Amino acid sequence: MLVRGWPRSFTGPLGRKTVPARANRLVSVIKAKHARLHEPHIAPFVALADEIAACRGLDRGEVPYPDPGFAGTAAQALVLLQSPGPMTAKVAGSGLLSLENDDPSAERCFHEYEAAGVDWNRLLHWNTVPWPTESLEPTSRDIREARQWLPRLLALLPDIKAVLLLGSVARDEWRQSARRGERLPVVPVIVGPHPGRRGLTWPGAPQKLRAAIEQLAHEIG
């Protein structure tokens with residue numbers, strides 16, 4: 001449940017002022033972030049999300065926007081996941097793809113980045129299927145219909161040094177894109193498990209996630 005107030009800030013291991021994980025449970029935090037969605041580094045992704053929503057007959061905001069704390073057009077790495085989780089919803093959640101959402105996957109990424117020394121302000125998170133899906137797993141139709149949007153996304157990311165694919169949906173679709181001969185950035189591509197509970201049930205999955213994020217830290221310096 002969203003509550004009002006502002007969390008106590010602290011200086012994290014990267015030396016920057018931040019707020020605790022799950023900060024988006026606070027109404028004031030969400031409002032402050034939405035007030036920044038017009039900023040030049042993030043506005044093109046807001047426009048892309050709105051275009052995707054319109055093409056699917058959805059209202060504006062139903063395809064969640066990246067948190068303006070991400071680097072947006074200046075991102076040094078793209079982190080591609082599966083599809084939006086419940087706490088990205090514009091009514092029940094924040095309406096944002098955010099590491100500060102009130103859910104375990106976001107919190108896990110938040111802490112793993114901190115542990116590996118990755119400043120998430122240098123990244124962009126996006127989903128293979130950008131819209132909310134009816135079930136936990138996107139259908140083959142969802143994945144097929146989402147393909148047209150990946151080139152549009154990549155065109156907004158001229159400076160990426162690496163791509164991190166988290167989960168089998170992101171991994172498999174990226175590989176399929178390469179097999180189809182689509183133009184993909186010539187950068188290191190790192191693969192790790194999805195940070196959600198189901199993605200980390202396999203033996204060794206938490207360690208593989210940490211190793212993938214540590215490799216990302218190495219690639220972006």
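Visitor: Which residues does Tyr113 touch, leaving out residues up to four places away in sequence?
Guide: Please keep in mind that this is a predicted model. In it, Tyr113 touches Val79, Leu99, Val118, Trp120, Leu123, His125, Leu164, Ile213 and Leu216.

Visitor: And which residues have the most contacts inside the largest nonpolar core?
Guide: They are Leu78, Tyr113, Leu123, Trp126 and Leu216, and the core has 59 residues. Its largest share, seven residues, comes from helix α7, residues 205-220. As general background, nonpolar side chains in soluble globular proteins tend to be buried together.

Visitor: Let us turn to strand β4. Why is β4 described as largely enclosed by the rest of the structure?
Guide: The strand covers residues 77-81, and five of its five residues are buried, so β4 is largely enclosed by the rest of the structure. Both of its faces are covered: Ala77, Val79 and Leu81 are buried on one side, and Leu78 and Leu80 are buried on the other.

Visitor: Which strand is joined to β4 by five bridges?
Guide: That is β6, residues 123-127, which runs parallel to β4. Within this pairing, Ala77 stands opposite Leu123.

Visitor: What about β7, then: how many bridges join it to β4?
Guide: Four bridges join them, and these two strands also run parallel. Strand β7 spans residues 162-166, and its Val163 stands opposite Leu78.

Visitor: Now the helices. How are α3 and α7 placed relative to each other?
Guide: Two packed helices are described by the angle between their axes and the distance between the axes. Here the axes of α3, residues 104-116, and α7 come within 9 Å and cross at roughly 50°. That angle makes α3 oblique to α7. The crossing is right-handed.

Visitor: Which residues meet there?
Guide: From α3, Arg108, Glu112, Tyr113, Ala115 and Ala116 take part. They meet Leu209, Arg210, Ile213, Glu214, Leu216 and Ala217 in α7. Tyr113 and Leu216, both named here, are also among the residues with the most contacts inside the largest nonpolar core.

Visitor: One last topic: where is Glu39 found?
Guide: Glu39 is in the loop between α1 (27-34) and α2 (43-55).

Visitor: Why does Glu39 count as partly exposed?
Guide: Its relative accessibility is 23%, so Glu39 counts as partly exposed; buried would require under 20%.

Visitor: How many Å separate the C-alpha atoms of Glu39 and Val191?
Guide: They are separated by 31 Å, and the two residues are 152 residues apart along the chain.

Key. Residues are numbered from 1 along each chain as its sequence is written. This is a predicted model: local features need pLDDT of at least 70, side-chain atom pairs count only at pLDDT 80 or more; totals for chains, interfaces and linings use all residues. Side-chain values use heavy atoms; hydrogens and water are left out. A nonpolar core is a set of buried Ala, Val, Leu, Ile, Met, Phe, Trp, Tyr and Cys residues joined through side-chain atoms within 4.5 Å. Buried means under 20% relative accessible area, exposed over 50%, partly exposed in between (1.4 Å probe, protein chains only). Contact means heavy atoms within 4.5 Å. Two strands pair if DSSP finds at least two bridges between them. Axes are lines fitted to C-alpha atoms, for helices over the stretch in contact, and angles run from 0 to 180 degrees between N-to-C directions. Angles under 35 degrees count as roughly parallel, over 145 as roughly antiparallel, 65 to 115 as roughly perpendicular and the rest as oblique. A crossing is left-handed if the near helix is turned anticlockwise from the far one by less than a right angle, and right-handed if clockwise.
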